[in-house]
Amino acid sequence: MSNEIMEYVQKEVYGVWFLIGAALVFWMQAGFAMCETGFSRAKNAGNILMKNLMDFCIGTAVFILIGFGLFLGEDALGGFLGLPNLDIFTNYAAFDWSNFVFNLVFCATTATIVSGAMAERTRFISYCVYSAVISAVIYPIEAHWTWGGGWLAQMGFHDFAGSNCIHMVGGICALIGAAMLGPRIGKYEKDENGKIIKVNAFPGHNIPIAALGVFILWLGWYGFNGAAATSLDQLGSIFVTTTIAPAIATVVCMIFTWIKFGKPDVSMCLNASLAGLVAITAPCDVVDVYGAIIVGGIAGLLVVFGVWFFDNVARVDDPVGACAVHLINGIWGTLAVGLFATDTTPTYSLAASDGSKLLGLFYGGGFKLLGIQFVGMLATIAWTAVTIWITFSIIKKTLGLRASAEEEIEGLDITEHGLPSAYSGFAIQDMTGTVMDVNENTNLGESSYDNASEAQKNASVKVIREVTIPAEGSAFYDTGMHKVSIIAKLSRFDILKKALNELGVTGMTVTQVMGCGIQKGAGEYYRGVELDATLLPKIKVEVIVSQIPVDSVIEAAKKALYTGHIGDGKIFVYNVTRVVKIRTGEENFAALQDVE
């Protein structure tokens with residue numbers, strides 16, 4: 001009788017833990033949102049947060065309708081998929097509610113991995129569509145093979161919590177998507193022959209938020225890996241391996257980057273923590289402490305190699321390192337099962353289809369389990385690569401996959417969501433866009449300045465001159481030195497910079513500012529309420545000229561900035577009465593000769 005009571009209590013306790021684990025995995029969405037936002041630029045923060053929110057919400061909708069059935073429905077087609085059903089509607093009283101919620105939160109994780117690699121240049125509508133396809137079809141079918149009683153499970157393939165089924169799948173989708181999108185404007189510099197000669201870094205705008213995201217993810221991973229544990233011993237062992245692997249990965253990464261770059265790299269170490277977690281996810285229940293240390297140590301090196309490889313060899317622009325973290329270490333974690341699986345772990349149950357025990361290569365099991373892991377991994381790669389390529393190709397031909405160049409430069413917050421800034425009230429300046437060079441993805445449109453009338457030119461780019469009193473000896477006497485202050489759109493900066501350089505201007509001061517204004521009928525809305533005034537990101541360029549005629553500067557700036565649309569900019573001209581160069585003490589014309 002006492003045994004029956006203990007079994008009942010244990011069942012109920014682990015049933016509750018199962019749902020707590022599901023809640024922890026859901027909380028990982030916040031971690032992904034913070035991590036991706038921090039590693040990206042401020043002008044896209046709201047867009048990234050919206051995508052991470054919609055991953056789960058859209059994923060829930062399609063998982064209800066088709067995903068859950070394909071995943072855990074009655075086995076069909078020789079273990080290829082489950083039969084879709086609507087039991088959640090037709091037989092709710094007997095429905096497996098816990099299992100549905102648990103598998104739903106895992107499904108949403110797969111889709112959210114993709115958003116980081118394709119950040120800052122993907123159309124929002126297109127993102128919603130492919131996120132739905134991943135959650136409705138791509139993930140449920142391949143997950144059925146392993147966790148739904150499908151053909152891989154029947155072979156003895158093992159992926160306890162998702163190195164293969166979730167992280168590698170998300171990483172493949174991320175890689176193919178980022179490759180089809182192309183790099184962000186200015187990521188790569190090319191010579192006159194079109195050969196890439198330099199990779200530019202776009203630092204994340206908020207590393208503290210990214211670090212918070214990593215800590216949230218690490219906490220959530222205890223539910224991610226541990227929720228399916230069936231005994232206290234097994235749960236404890238999983239917690240140990242899930243702690244050791246990312247910790248060792250981070251230490252190894254810190255030491256390696258310290259040696260290679262001269263200083264320990266903060267963002268890379270944050271990626272390394274996640275890489276260690278990804279790698280230990282498949283073997284977390286079947287490896288001992290030695291295996292966890294090796295899995296984590298290699299993951300810490302692989303993530304550094306992966307970031308370098310995708311930037312410098314594959315030329316795939318991945319803003320957050322999702323491909324290095326999830327794809328490469330998802331593969332490594334899947335194969336690690338075949339190398340380090342040991343029967344010294346609690347409730348070890350790996351067995352082949354003939355019932356024979358399966359062990360890792362380094363624990364006396366030979367190549368059998370490793371071979372099974374290879375087969376399962378390659379089958380999953382093939383399925384995911386083909387289906388996501390078809391999905392992206394259809395979206396690219398219909399909706400369009402990539403935002404326009406001007407939208408990308410202005411930022412997706414304002415262009416996709418009408419959100420002037422995700423940091424309203426904070427002095428956040430995102431100047432990274434001002435050093436971008438035009439590349440093959442740039443299409444800013446040509447100015448129709450030459451065909452515009454003088455009235456159109458003057459109306460579009462206003463010129464405001466300081467009134468001067470041409471009396472010699474007066475404080476307002478025109479000295480021949482002028483400051484020209486130009487307020488313009490961020491997207492026109494590169495054209496303006498080149499126009500001024502060609503004119504002979506080599507020194508300028510550049511500041512990002514927020515322009516306040518509202519146009520009737522063109523207002524933006526926040527929570528359904530129209531904003532009284534919209535703050536839009538602008539660029540302010542200031543130059544001091546003496547030998548170069550100020551009218552030439554004005555004409556060059558007007559020609560560079562003119563599009564014929566409201567908000568092209570304004571030019572302010574001021575007299576400069578005195579200039580002093582601090583280093584040499586030179587004044588006026590002499591002080592300006594090396595900046596003009």
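1. Arg315 lies in the loop between α11 (289–312) and α12; helices here are DSSP runs of H or I with at least four residues, strands are runs of E with at least two, and both are numbered from the N terminus. Arg315 is not a glycine, yet its phi is positive, at about 60°. The residue is partly exposed, with a relative accessible area of 29% (buried means under 20%, exposed over 50%, partly exposed in between, with a 1.4 Å probe and protein chains only).

2. Before you read on, a word on the source: this is a predicted model, in which local features need pLDDT of at least 70 and side-chain atom pairs count only at pLDDT 80 or more, while totals for chains, interfaces and linings use all residues. Residues are numbered from 1 along each chain as its sequence is written, and side-chain values use heavy atoms, with hydrogens and water left out.

3. With a relative accessible area of 65%, Leu77 is exposed.

4. Now for the chain as a whole. Its secondary structure comes to 19 helices and eleven strands. Of the 596 residues in the chain, 52% are buried. Take the contacts between residues at least 6 apart in sequence: 77% of them join residues at least 24 apart (contact means heavy atoms within 4.5 Å).

5. Where do helix α2 (residues 45–72) and helix α4 (residues 97–117) meet, and at what angle do they cross? Their axes come within 8 Å and cross at roughly 125° (axes are lines fitted to C-alpha atoms, for helices over the stretch in contact, and angles between N-to-C directions run from 0 to 180 degrees). That angle makes α2 oblique to α4 (under 35 degrees is roughly parallel, over 145 roughly antiparallel, 65 to 115 roughly perpendicular, the rest oblique). The crossing of α2 past α4 is right-handed, which is to say that the near helix is turned clockwise from the far one by less than a right angle, anticlockwise being left-handed.

6. If you want to trace that contact in the structure, residues on the α2 side include Phe56, Gly59, Phe63 and Phe68. On the α4 side, Phe100, Leu104, Ala108 and Ala111 are among them. By class, the contact of α2 with α4 has twelve nonpolar, seven polar and one charged residues (Ala, Val, Leu, Ile, Met, Phe, Trp, Tyr, Cys and Pro are nonpolar, Asp, Glu, Lys and Arg charged, the others, Gly among them, polar).

7. Helix α10 (residues 266–281) and helix α12 (residues 322–340) are another pair to look at: they pack at an angle of about 35°, with their axes 8 Å apart. Their crossing is right-handed.

8. Leaving out residues up to four places away in sequence, Ala174 touches Ile113, Val114, Ala117, Met118 and Cys323. Asp318 is 144 residues from Ala174 along the chain, and the C-alpha atoms of the two are separated by 8.4 Å.

9. Gln234, in helix α9 (residues 232–261), is also worth a visit. This glutamine counts as buried, at 6% relative accessibility. Neighbours within four places in sequence aside, Gln234 is in contact with Phe160, Ala228, Ala229, Asp285, Pro346 and Thr347.

10. Lys483 has its place in strand β6 (residues 482–489) and counts as partly exposed at 28% relative accessibility. Beyond neighbours within four places in sequence, Lys483 is in contact with Glu542, Val543, Ile544, Phe572, Val573, Tyr574 and Val576. Asn575 belongs to strand β11 (residues 569–575) and is buried, with a relative accessible area of 17%. The side chains of Asn575 and His482 are joined by a polar contact of 3.2 Å (a pair of N or O atoms within 3.5 Å; within protein, one able to donate a hydrogen and the other to accept it, and residues adjacent in sequence count only if both atoms are side-chain atoms).
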